[in-house]
Amino acid sequence: MTEYMTGTPPEPGSQWYDSEAGPLVRPYAMTGGRTEPGPTGVKFDLIALVTLDPGRSGADDETPLGPEHRALVDLCRLETQSVAELAAGADLPVGVVRVLLGDLLELGRVIVSRPVPPAQLPDERILREVIKGLRAL
């Protein structure tokens, strides 16, 4: 298992590999048992957009990143992606991705932005006035 945690996939036939399921690493092992993203307590919506911090995107600082963290950084390097897209691209559960993104956010490696909420529908009275005006034409 330590081989897989260091980025080297286990050999088929080893005790940490299942021929049907693939590598057997539990999600809590990837997050160190954490279920919430970092001390900031940020909640990541599925449609929250994640971008690499332009000032730090190429930075290989002294903070070591795990293989899952690096996979998320690599996916964000290509383009801005939603949390759901990152989970699918990294083939990780969304809960794990949220915790890992919390780590990357605290390290200053990514920027998370919430999508703009859909516009409020106009008042029904206004719509009726528009329809009335169009009929008058």
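The following questions and answers describe a predicted model of one protein chain.

Residues are numbered from 1 along each chain as its sequence is written. In this predicted model, local features need pLDDT of at least 70 and side-chain atom pairs count only at pLDDT 80 or more, while totals for chains, interfaces and linings use all residues, and side-chain values use heavy atoms, with hydrogens and water left out.

Me: In what order do the elements of the protein chain run from the N terminus on?
Reply: Helices (H or I, at least four residues) and strands (E, at least two) are DSSP runs, numbered from the N terminus. The protein chain has six helices and five strands. From the N terminus on, their order is α-β-β-α-β-α-β-α-α-β-α.

Me: What percentage of the residues of the protein chain count as buried?
Reply: A residue is buried under 20% relative accessible area, exposed over 50% and partly exposed in between, using a 1.4 Å probe and protein chains only. The protein chain has 137 residues, and the buried share of them is 26%.

Me: What share of the contacts with a separation of 6 or more comes from residues 24 or more positions apart?
Reply: A contact means heavy atoms within 4.5 Å. Among contacts in the protein chain with a separation of 6 or more, residues 24 or more positions apart account for 71%.

Me: How are the axes of H4 and H5 placed relative to each other?
Reply: Axes are lines fitted to C-alpha atoms, for helices over the stretch in contact, and angles run from 0 to 180 degrees between N-to-C directions. Helix H4 (residues 83-90) and helix H5 (residues 94-106) have axes that come within 9 Å and cross at roughly 110 degrees. Angles under 35 degrees count as roughly parallel, over 145 as roughly antiparallel, 65 to 115 as roughly perpendicular and the rest as oblique. H4 and H5 are therefore roughly perpendicular.

Me: Which residues in H5 are met by Val-83, Leu-86 and Ala-87 in H4?
Reply: By class, this contact of H4 with H5 has six nonpolar, no polar and one charged residues. Here Ala, Val, Leu, Ile, Met, Phe, Trp, Tyr, Cys and Pro count as nonpolar, Asp, Glu, Lys and Arg as charged, and the others, Gly among them, as polar.

Me: Which residues in H5 meet Glu-68, His-69, Leu-72 and Val-73 in H3?
Reply: The axes of H3 and H5 come within 10 Å and cross at roughly 80 degrees, which makes H3 roughly perpendicular to H5. The residues of this contact divide into six nonpolar, one polar and two charged. Those on the H5 side are Val-97, Leu-100, Leu-101, Asp-103 and Leu-104.

Me: With which residue does Arg-77 form a salt bridge?
Reply: A salt bridge is a side-chain nitrogen of Lys or Arg within 4 Å of a carboxyl oxygen of Asp or Glu, and a search of the whole structure finds two. Arg-77 is partly exposed at 44% relative accessibility. The closest N and O atoms are 2.8 Å apart, and the partner is Asp-74.

Me: How far apart are the closest N and O atoms of Arg-128 and Glu-124?
Reply: Both residues lie in helix H6 (residues 124-136), four residues apart. Arg-128 is exposed, at 54% relative accessible area, whereas Glu-124 is partly exposed, at 47%. The closest N and O atoms of their salt bridge are separated by 2.5 Å.

Me: Is Ser-82 buried or exposed?
Reply: Ser-82 is placed in strand S4 (residues 81-82). Leaving aside neighbours within four places in sequence, Ser-82 is in contact with Leu-46, Ile-47, Ala-48 and Leu-49. At 10% relative accessibility, Ser-82 counts as buried.
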